[in-house]
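Subject: Handing over the structure, with notes

Dear colleague,

I am passing this structure on to you, and I would ask you to keep it open beside these notes as you read.

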Amino acid sequence: MDNDDSGAGRIRIAPGYATLQLAAALRAVSDHPDPQVRANGATKARQWEQVMVGMFTGAIAVGSRTPLDGAPAWVTPDVVKGGFATGDFKAGGPLQGHELATLAAAGMAPTPAARRWLNARLLTDEGLASLYALLDSGCYEINVPEEGALLVVAWLTRHGKLEQAREVLDAIAPWFDRLRFYPLPAAQPRRFGERVFLAPVSAAVSALQKRQGDGNPRILAQRAAVRVRLPLYDRVLRLFLDSVDGAPPSIDIGADGAWRDPASGKFRIAGGWPCRLYPAGWRERGEALLREWQAHAAAARTDDSLAELCGYLHLCVSEPAALSGRDVGRIRLILGRYISKRGLPGSAQLAALRSAQARQVAAVPYHLLAGVLADRLRAVAQDGGLDDPAPLGVPVTVAEAASLGEDAGAPIPAVLLAKLDRCSIESVPVLVERGVIGSAEVLAGVLPQLSAAINGAALAEPSLKQLYGALYQAFRRRRSLLLQNLQSQVRIGELPWVAAVNAQRQQGLAPRTLARRTLDELALLALTSFPQTAIPNPLIQELNTLAGNAGLDLPLVEELAADIFMGTFGHKFANVAAHASAMLDDSLYYHYYGIDAAVRAQLRELAQRRDGSAATQANADGLTGLCEARAGVRSGFGTVINNAMVIEQQQILTTHNLAALVARLDLDGELQAHYERMAQQCFAWICRNQHNALNAWPGDPRAIRNAAYAWRQMVFFLSMTAAATHADFIAWAHSHLAQESPRLRQRLAPALAGLELAAAGRSLDDPASLASGARRLLAYAKGQHWMAVA
């Protein structure tokens, strides 16, 4: 960053970050072998080109909460990685399919003025009637918050609140020509409540369609062989045996084509030869078999004995005189080897073999069953979840089997039914227990469905409650902007139509009890189910929302991105750090991370400063300086590693929300039975993480960072237990690590030694500790990380 000549103290973002992102996108376009990745790279390259043009021309004010020239804060900008606005609007751009369909139905061409007409038509009596119908049915989808604005106008109009409707229209009407203020029609209403789903039914259909085209080539080849090729082989063989002169069919044939004497058991070349007698109808049978062979020859091997035998059959049928004695001998050898191995056609030996082979391929292939399940799902509304997936998992019906050419009754395998898990509607704890929600990030993704219902609980009218839920979820999909000078992101209440909805709330319906119960349950679920994961930003957003609805002051702080860090934290970070200090004073956590009495005193001093412009800035500056001193570097835009090191120190001092959640929600009592198990789960996860890193890329900075974050969580949980538990845990960790590879033991031993020293009350920073090889596991280092060379 640098100073802008146009105003003292104003910060201007340098274009270096955008340049690097553009270069990465262009490399993907030119070098990546996957065409889909190249296409995505082209889209990203276009977006970053727009970002850079906007930065240079001043059309995009990077760092502002209103980055687009002339656009109010409520307009949803198109935002790329790092919080940079591209200059496009999420509710704008080319006309979408449903818009084109509406224009076509009205006999209108898709002109530049089309979107203005599409918006304005909904203010007519006919248009309002259509919006009323959508409100009544709930069959609409709002992907961007703007798409619900005219539904709010319709609701207000219908309920006689004309002045409020006029205020919303005054705000949005100037944007009718550029933005969509109407929703996408849907097949069924979206529901909001305590039961959630991860993905719509359409996502499961797409996954099954991919599986439908992935039939195992070996299994398909085996089925084709058993069902087509081998029966054909048997009939061709029978045809040639019918042309043998004098060979008793009860006599076996050896592998060399010799007849075997049943009395002596010895092979002897005697008896008849093939292609000597052609009974009536023989050639006609041969021609029919050749036609059948040719129908399957394209998918069959051309170098096997059946292909060779059919070649001879073609000669016998078309030009038998062309067969040489050598050809007849070769045919006899093929017949002999075949019958010696499998038995004569019609024999019990061959019948048993063919029956066993048929049983092996009787099961319907999974790719066909994937198609059956996909067809069943297509009959269900595609944009919602599944209340009860069980009826979709019944065995293949007679009608379905007939369309496949298979037998009815085949069960749908569990691996395919698992594709329905992501769209199954269930409670969050059940989905976590089943493993459907497998991470804190996935948990955060479904929480807007819960929060939407809780936020809408103070709205009495059902259609407005439904509308608010859709608006809330759409707003949660809005990406955060890169902001300067401690500005806050746009809040949902700043959207004029949402503000109009909020005005309809009834105090008697305040959802405080439900919000608090949900907040406690979700915090416990996140901590106990995914203890190795720092609370991700989307989950922090939802927990903050629930806390607000519960009337609780819950101080949670977001994880900051090092590549766009502006060198200051904001006063809430200092307050959270001070609260953590009060909770963890003289704990294992503070011993391990070297948070001494002087640091704790400085944190207490920051906490005593009250909010206000001067105190707020002092808190921010004080915490930033403290973190820089602990990291031994200075932060600032452009020094990514330095920024990361400073941010990590802030995360250590604040425990990255762990202390706040445990203390403010009073969870310690419920967590006491879990702390040791949670710490063990963190350590086991770190071992797996580092084992994978050693096999792939030992110096992978992301793997080291993730291990350090999980280690910090582990130390916190362990610090919440008694001192005796510390010793038990360290003994368990040594035992667990002893079962790992020597390389992994060498990699993690310094960190475990450091934990052991901290548990004994010794500092990891004194020379003796350093000489012993003990290390503090941090995510970043000034030079090469010690784990990268271990």
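This is a predicted model: local features need pLDDT of at least 70, side-chain atom pairs count only at pLDDT 80 or more; totals for chains, interfaces and linings use all residues.

Residues are numbered from 1 along each chain as its sequence is written, and side-chain values use heavy atoms, with hydrogens and water left out.

The whole chain

The chain holds 34 helices and ten strands, where helices (H or I, at least four residues) and strands (E, at least two) are DSSP runs numbered from the N terminus. Of its 790 residues, 48% count as buried; buried means under 20% relative accessible area, exposed means over 50%, and partly exposed lies in between, with a 1.4 Å probe and protein chains only. Among contacts (heavy atoms within 4.5 Å) with a separation of 6 or more, 72% are between residues 24 or more positions apart.

The nonpolar cores

A nonpolar core is a set of buried Ala, Val, Leu, Ile, Met, Phe, Trp, Tyr and Cys residues joined through side-chain atoms within 4.5 Å. The largest one has 110 residues, and the members that touch the most others are Val 428, Tyr 592, Leu 623, Trp 711 and Leu 755. Helix 31 (residues 701-719) contributes the most to this core, with eleven residues. Apart from it lies another core, of 71 residues, which includes Val 51, Val 75, Ala 149 and Trp 175. As general background, nonpolar side chains in soluble globular proteins tend to be buried together. If neighbours within four places in sequence are left aside, Val 428 is in contact with Glu 194, Val 196, Ile 437, Leu 443, Val 446, Leu 450, Leu 522 and Leu 525.

Helix 11 (residues 305-318) has 14 residues and reaches 20 Å from its first C-alpha to its last, close to the expected 20 Å, the expected span being 1.5 Å times one less than the number of residues. Its buried residues include Leu 306, Leu 309, Tyr 312 and Val 317. Helix 23 (residues 571-584) also has 14 residues and reaches 20 Å, close to the expected 20 Å, and among its buried residues are Phe 573, Asn 575, Val 576 and Leu 584.

Residues in loops

Asp 586 has a positive phi of about 60° although it is not a glycine, and with a relative accessible area of 52% it is exposed. Thr 655, in the loop between helix 27 and helix 28 (658-664), likewise has a positive phi, near 55°, but at 1% relative accessibility Thr 655 counts as buried.

Ser 635 sits in the loop between helix 26 (613-631) and helix 27 (640-654), and it counts as buried because its relative accessibility is 16%. Its side chain is joined to that of Glu 628 by a polar contact of 2.8 Å; such a contact is a pair of N or O atoms within 3.5 Å, where within protein one must be able to donate a hydrogen and the other to accept it, and residues adjacent in sequence count only if both atoms are side-chain atoms.

Salt bridges

The structure holds 23 salt bridges, each defined as a side-chain nitrogen of Lys or Arg within 4 Å of a carboxyl oxygen of Asp or Glu. One of them joins Arg 115 and Glu 99, with the closest N and O atoms 2.9 Å apart; this pair links distant parts of the chain, with Arg 115 in helix 4 (residues 114-120) and Glu 99 in helix 3, 16 residues apart. Both Arg 115 and Glu 99 are buried.

In another, Arg 517 pairs with Glu 521, the closest N and O atoms being 3.5 Å apart. Because they are four residues apart in helix 21 (residues 512-529), Arg 517 and Glu 521 are separated by about one helical turn. Arg 517 counts as partly exposed at 36% relative accessibility, and Glu 521 is partly exposed at 42%.

With best wishes
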